[in-house]
Amino acid sequence: MLSIILIYFIGKYFHQLASKYLQNKWLYAILGVLSYYIGSIVIGGLIVGLFMEFLMNSSIDNYSNRSFGLMLMPFGIGSACLFHYLLERKWKKSVVLIKDEIDDIGKNEAVDN
C-alpha cells in the first residue's frame, strides 16, 4: 500500500514539473516512476545485497520481501529526487525569457556614464 501511494506522488510531481516547463506530462511521469524502480531495485539491490553478503554475517534469504523492500526504498526515493532535480535544472537553463517590450514604450531609460 505504501509503494502505491509513493508511486502516485512521484508521478504527480514529475507531471507537475513537465507541465510547468511545457514538456510531455505523461512521458515524464512514467519516467519518474521508472527512475524510482531503477534506483531501488538495481542500484539499491546491488548495494544492499553486496553489503549483506560480504560485510555482514547474514544472507538476503533471511529477510522477508517487505523488510527488504523497506531497505531499498531510500535508494529509489533518492534516485527519483536526483532525476527530478536534474530535469528541472536542465529545463531552467533552456527556458527562453520573452521580454514584453510593449509595456516599456514611452519610458525613459537611464543611461549609465
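Predicted model: local features only at pLDDT ≥ 70, side-chain atom pairs only at ≥ 80, totals over all residues.
**Serine 35**

Serine 35 has its place in helix α2, which spans residues 25-55, and with a relative accessible area of 11% this serine is buried, because the value falls under the 20% cut-off. When its neighbours within four places in sequence are left aside, serine 35 is in contact with Phe14, Gly76, Ser79, Ala80 and Phe83.

**Aromatic pairs**

The structure holds five aromatic pairs, one of which joins tyrosine 8 and phenylalanine 9 in an edge-to-face arrangement, with 5.1 Å from centre to centre and 75° between the planes. Tyrosine 8 is exposed at a relative accessible area of 53%, whereas phenylalanine 9, at 35% relative accessibility, counts as partly exposed.

Another pair is formed by tyrosine 21 and tryptophan 91, whose rings are tilted, at 5.9 Å centre to centre and with 50° between the planes. Since tyrosine 21 lies in the loop between α1 (2-20) and α2, and tryptophan 91 lies in helix α3 (residues 65-94), this pair ties together parts that are 70 residues apart in sequence. Tyrosine 21 is buried, with a relative accessible area of 14%, and tryptophan 91 likewise counts as buried, at 4% relative accessibility. Tyr21 and Trp91 also belong, together with Tyr28, to one aromatic cluster.

| Residue | Relative accessible area | Class |
|---|---|---|
| Serine 35 | 11% | buried |
| Tyrosine 8 | 53% | exposed |
| Phenylalanine 9 | 35% | partly exposed |
| Tyrosine 21 | 14% | buried |
| Tryptophan 91 | 4% | buried |

**The largest pocket**

Rolling a probe the size of a water molecule over the atoms shows where empty space is left. The largest pocket in this model has a volume of about 230 Å³, and its lining is made up of Leu2, Ser3, Tyr36, Tyr37, Ser40, Ile41, Arg66, Gly69, Leu70, Leu72 and Met73. Each of the helices α1, α2 and α3 supplies at least two residues of this lining, while the largest share, five residues, comes from α3.

Notes:
Residues numbered from 1 in each chain as written. Heavy atoms only, no water. Helix = DSSP H or I, 4+ residues; strand = E, 2+ residues; numbered from the N terminus. Buried < 20%, exposed > 50% of the residue type's maximum accessible area, 1.4 Å probe, protein only. Contact = heavy atoms within 4.5 Å. Phe/Tyr/Trp six-rings, centres within 6.5 Å; stacked < 30°, edge-to-face > 60°. 1 Å grid on protein atoms, 1.4 Å probe; cavity = no way out; pocket = protein on both sides within 12 Å on 5 of 7 lines; lining within 4 Å. Points joined across faces, edges and corners; volume = space filled by probe spheres on them.
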